Amino acid sequence: MDILEISQKETMSREEAAARLRAFADDLARNNDIEFDRGGIRMKVHVPDQVQVKVELEIESEESELEIELT
């Protein structure tokens, strides 16, 4: 089976990041699908009723990283 992987990195304000996370959370709460629009291509991804949630936090002296993964 082929794997499609899309990665995007953006710089935005903390408030903009929070708004983006809220939009994802709202989609998860209301629908079985999450829609992505990347480069003019619209994709719909099905999200089952039960998911695994993984949260990773890495703290370094200059930078911290928070990853939230749904499987």
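Mentor: A network of salt bridges links E35, R42 and K44; a salt bridge is a side-chain nitrogen of Lys or Arg within 4 Å of a carboxyl oxygen of Asp or Glu. The model is predicted: local features need pLDDT of at least 70, side-chain atom pairs count only at pLDDT 80 or more, and totals for chains, interfaces and linings use all residues. Residues are numbered from 1 along each chain as its sequence is written, and side-chain values use heavy atoms, with hydrogens and water left out.

Trainee: Which side chains meet E35 in a salt bridge, and at what N to O distances?

Mentor: Side chains of opposite charge can pair when their charged atoms come close. Here R42 meets E35 at 2.7 Å, and K44 meets E35 at 3.6 Å. R42 is exposed at 57% relative accessibility (buried is under 20%, exposed over 50%, partly exposed in between; 1.4 Å probe, protein chains only). K44 is exposed at 56%, whereas E35 is partly exposed at 37%.

Trainee: How many salt bridges are there in the whole structure?

Mentor: The search finds six. One of them joins D27 to R30, with the closest N and O atoms 3.5 Å apart. Because they lie three residues apart in helix α1 (residues 14–30), about one helical turn separates D27 and R30. R30 is exposed, at 59% relative accessibility.

Trainee: Where is L70 placed, and is L70 buried or partly exposed?

Mentor: L70 lies in strand β4 and is partly exposed, at 43% relative accessibility.

Technical notes:
Helices (H or I, at least four residues) and strands (E, at least two) are DSSP runs, numbered from the N terminus.
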